[in-house]
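Student: Please take a close look at the side chains of this model, with the criterion stated for each term.

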Amino acid sequence: MKKINFSLVALSAAALFAMNSCKPKNAGNAVNAGAAEKAYVAPGRYDEFYNFVSGGFSGQVSVYGLPSGRLLRVIPVFSNDPQSGYGYSEETKPMLNTSHGSIPWDDQHHLALSQTNGEIDGRWIFANANNTPRVARIDLKTFNTAEILELPNSAGNHSSPFITENTEYVVAGTRFSVPPDNANGDVPINSYKQNFQGTISFIKVDKEHGGMDIAFQLNCPPVDFDLSHAGKGKSHGWFFFSCYNTEQANTLLEVNASQRDKDFIMAVNWKKAEEYLKAGKGKKIPAKYVHNVYDEATQTAKSETKNEVTVLDVKELKDICYFIPCPKSPHGCDVDPTGEYIVGSGKLAALIPVFSFDKIQAAIAKKDYIGDYNGIPVIKYESALYGEVQKPGLGPLHTEFDGKGNAITSFFVSSEIVKWNIKDLKVIDRQPTFYSVGHLCIPGGDTKKPNAKYVIAYNKITKDRYLPTGPELNQSAQLYDISGDKMQLILDFPTIGEPHYAQAVSADLIKNNSLKFFKIDENKNPYVTKGEGASKVVREGNKVHVYMTAIRSHFVPDNIEGIKVGDEVYFHVTNLEQDWDIPHGFGVKGAPNAELLIMPGETRTLKWTADKVGIIPIYCTDFCSALHQEMQGYVRVSPAGSNVPLLFSTGKNMPKTDSAQKK
Ligand code: K7E
Ligand code: CUA
């Protein structure tokens, strides 16, 4: 959530007072002397945890080490990447394809590490694109985006991705309700109540390879689904979604969607939905969406358009969905490690309700409803409620769990994190954040087995925390040691883009499976060049394929003649190195399609259209050896229709050829 502007309508005078006083005067003094030691990781030493952090409006996912806060890598997911050529190289362009065409930049909010038995298994991490609804799977062997699946009938894929305890499903709820894709969407906006619909997608994940596919969608009432979490343990088989705008407003939501005292958490019995699906109750409806898969063998992405999706109507099919009233405009919806307690964080509420899974089940059994909402039963608040945390803070957003019976909740307005006990609902500790915290992360904090050494707060505002850099300041994270009685701030570090949700995991689970280079023998890219002797330049009409190799410190070929204006030149560059951490780069003067960064054993293709007569330099852009600066060459471009023959070489001077133009 980005910089909420709380309206006067929604806040009491007391709350406003607190907002103004939320920034302690001597923020710098909040860190005591012992802190530096706790966050210090000596040069050459590894961090204890990987921290995967959403990049918000950057569209990427970044990886930090904890406790040092060192940036380890930015993984390109939903945006073109000026570092690796992701989204620019011919191999990766299809990854950013959608039913709207190629989209070079999206907005990434939430992450979900794959789980087995409710624990992180270190295989994949899933990420959402918020703007043009998509879910990505990142392979944690290579830290590459392996797959991106578009979601039809959705808009603003916010409550996504959230995962079940054995990665059976990755689930995605739409933020905006909209008319379904196959309906006539040319309707007045104020016909929201009649024509709009909320959609939840259940994406099944192949157990072995991770491949994603939409198993079914739920057709739900038109509200805004904000966040979500799966049940676990006793509540495995259920999913919980926070909903706002149950007023079903379509304008000035700031006021119009803040009317009701309580909105909802929607409980979804997905095992029941599976039964209906098996019984053939799903309706196949036309829907156009795109599925992009990166094939590791060919190192090439393919984009496929799908035309159909199976929908279950939760109004017709009873016992899938139930609404639970939740004060007020709930944002985070978090389930504790036992699966019994569901925490709804009402942004405008002065308390935190904690719901009991057992009580929800009992209420459903007794039909303890206060009525229905668009045909869906609404459970009585008191019947679902375990209890309320009183006066926790202002503007609760998100909750993580420490596995020792405590929850830690972030408070955007009062700018603090607050630890409270789940059983007695008493506040135990509170610490300020600097400033306006959004999400929180404890390693494994939304699983059955949290590893509660640290909590990380991801903040929206950093003014006065860092040296000024003009009007724009990076967002930041703050690391707290939570191993003792009091939470202790030990480190600040800036982040790439705006961090929303993040996940962290013990480094041991990932680091030993990490691939060091691609084996050249296993490279099945159709344009691979497996040795310098195999390099060549092939003309097919106005297309020219350059099969090029790179190894310290030269390209083969590095002199090419016979290219003509208007030729489409494909530089297929294979990095022949078979060693960890020896990439080569590739740049072509004037190429509007960016550059390449090629990992050892990998082939990457840069498409370039020769647009001017002349000599075009090419060179390696990654400092790969002492003679990196010598890793360069030339391409001669002759006029269209010239008779300069196609020649290529490295290390010998080609014959002088006549460049006279045919008249
Ligand atoms: Cu709270 Cu998009 Cu998860 Cu941001 S959302 S903070
Ligand atoms: Cu290869 Cu520098």
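Tutor: Both Trp124 and Phe126 are buried, where buried means under 20% relative accessible area, exposed over 50% and partly exposed in between, with a 1.4 Å probe and protein chains only. This is a predicted model, in which local features need pLDDT of at least 70 and side-chain atom pairs count only at pLDDT 80 or more, while totals for chains, interfaces and linings use all residues. Residues are numbered from 1 along each chain as its sequence is written, chains are lettered from A and ligands numbered from 1 in the order in which they are written, and side-chain values use heavy atoms, with hydrogens and water left out.

Rings of Phe, Tyr and Trp (its six-membered ring) pair if their centres lie within 6.5 Å; planes under 30 degrees apart count as stacked, over 60 as edge-to-face and the rest as tilted. By this rule there are 28 aromatic pairs. One of them joins Trp124 and Phe126 edge-to-face, at 6.5 Å centre to centre and with 75 degrees between the planes. Ring pairs also link Tyr169, Phe202, Phe216, Phe225, Phe239, Phe241 and Trp270 into a cluster.

Rings also meet charges: a charge sits over a ring if NZ of Lys or CZ of Arg is within 6 Å of the ring centre and within 35 degrees of the ring normal. The charged end of Lys272 sits over the ring of Tyr276, 5.9 Å from its centre. Lys536 is placed over the face of Tyr547, 4.7 Å from the ring centre.

Asp313 belongs to strand 18 (residues 300–313); strands are DSSP runs of E, at least two residues, numbered from the N terminus. Asp313 is buried yet has no salt bridge, and the nearest side chain of opposite charge, Lys283, is 5.3 Å away. A salt bridge requires a side-chain nitrogen of Lys or Arg within 4 Å of a carboxyl oxygen of Asp or Glu; for charge, Lys and Arg count as positive and Asp and Glu as negative, with His and the chain ends not counted. A polar atom of the Asp313 side chain lies 2.8 Å from the backbone nitrogen of Lys315.

Asp336 occupies the loop between strand 20 (330–335) and strand 21 (341–346). Asp336 counts as buried because its relative accessibility is 3%.

As for cysteines, a disulfide is a pair of cysteine sulfur atoms within 2.5 Å, and the whole structure contains 0 disulfides. Cys243 is in no disulfide, its nearest cysteine sulfur being that of Cys220, 8.4 Å away. Cys243 counts as buried because its relative accessibility is 0%. The sulfur of Cys326 is 7.6 Å from the closest cysteine sulfur, in Cys333, which is too far for a bond. Cys326 is also buried, with a relative accessible area of 0%.

Methods
Helices (H or I, at least four residues) and strands (E, at least two) are DSSP runs, numbered from the N terminus. A polar contact is a pair of N or O atoms within 3.5 Å; within protein, one must be able to donate a hydrogen and the other to accept it, and residues adjacent in sequence count only if both atoms are side-chain atoms.
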